[in-house]
Amino acid sequence: MTQTPPMTVKPVRLWRWRRNPLRRHSDVVEAWIVLATWICALSGGTLAGAAAAQATDSAFAARQAQVHTVSAVLTDDAARTALGGGGYDDGRVWAVVRWTTADGAVHTDRAKVLPGAPAGTRITVWMDHTGRVVSAPVTGAAATLQAALTGALVAPSAGAAVWTAGWVVRSRLVRRRMAAWDQEWKQVGPRWGNLSGGRG
């Protein structure tokens, strides 16, 4: 029976922070830039997503506060089928509705109703402060879902923007390092060739 040798796990060495003669100051700066970029990208993306979701939820609440419901009746039979089917068609049709305000004034407007609804059918319509019929506000689970989706879309975008900014800073640092190496080689290169007998 053969025994398998125990597996050795090599520790991750953060050589950019360790003291060693090969470590340059630019290595430490680059390591801090990478670390800060990832931390800012993750935390910034999370905060931006949460803020976007909160702003969307607040916008839905404000929209709901600006409208109110009114009981109206259909003046004519509603069409049995919609005229055109688009990507955002909800299956309802436009029809003329009538309602009476608190001061006794009679108003009419167009609103979306279920197809084939007969004249005289009572429906609830949403109105703004000017008395114009508007679409129903997004509420409940639909509002929560849309706010969450908005946050989920904004979070990676914000994180990617922060990561890109960090990548640009790191790239400039690398370019400066390469330029410094080039200058050093221009000074050391001729001496190196002399030390190797002209074969270096």
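User: Which residues does threonine 37 touch, not counting residues up to four places away in sequence?

Analyst: In this predicted model, threonine 37 touches Val162, Trp163 and Gly166 once those sequence neighbours are set aside. Threonine 37 itself is found in helix 1, residues 25–65.

User: Is threonine 37 buried or exposed?

Analyst: The cut-off for buried is under 20% relative accessible area. Threonine 37 has 10% relative accessibility, so threonine 37 counts as buried.

User: How do I read the strand order of the sheet, and what is the order here?

Analyst: In general, strands of a sheet pair through backbone hydrogen bonds, in either a parallel or an antiparallel sense. Here the sheet is open, with five strands in the order 3-2-1-4-5 and antiparallel pairing. Strand 3 (106–113) and strand 5 (133–134) are the edge strands, each pairing on one side only.

User: How many bridges join strand 4 to strand 5?

Analyst: Two bridges join strand 4, residues 122–127, to strand 5, and the two strands run antiparallel. Methionine 127 stands opposite valine 133 of strand 5.

User: Which residues have the most contacts inside the largest nonpolar core?

Analyst: That core has 15 residues, and those with the most contacts inside it are Leu74, Ala78, Val97, Trp99, Val113 and Val125. Strand 1 (68–74), strand 2 (93–100), strand 3 and strand 4 each supply at least two of the core residues. The largest share, four residues, comes from strand 2.

User: What is alanine 78 in contact with, leaving aside its neighbours within four places in sequence?

Analyst: Alanine 78 is in contact with Val93, Ala95, Val113, Leu114, Gly116 and Ala117 under that condition.

Technical notes:
Residues are numbered from 1 along each chain as its sequence is written. This is a predicted model: local features need pLDDT of at least 70, side-chain atom pairs count only at pLDDT 80 or more; totals for chains, interfaces and linings use all residues. Side-chain values use heavy atoms; hydrogens and water are left out. Two strands pair if DSSP finds at least two bridges between them. A nonpolar core is a set of buried Ala, Val, Leu, Ile, Met, Phe, Trp, Tyr and Cys residues joined through side-chain atoms within 4.5 Å. Buried means under 20% relative accessible area, exposed over 50%, partly exposed in between (1.4 Å probe, protein chains only). Contact means heavy atoms within 4.5 Å.
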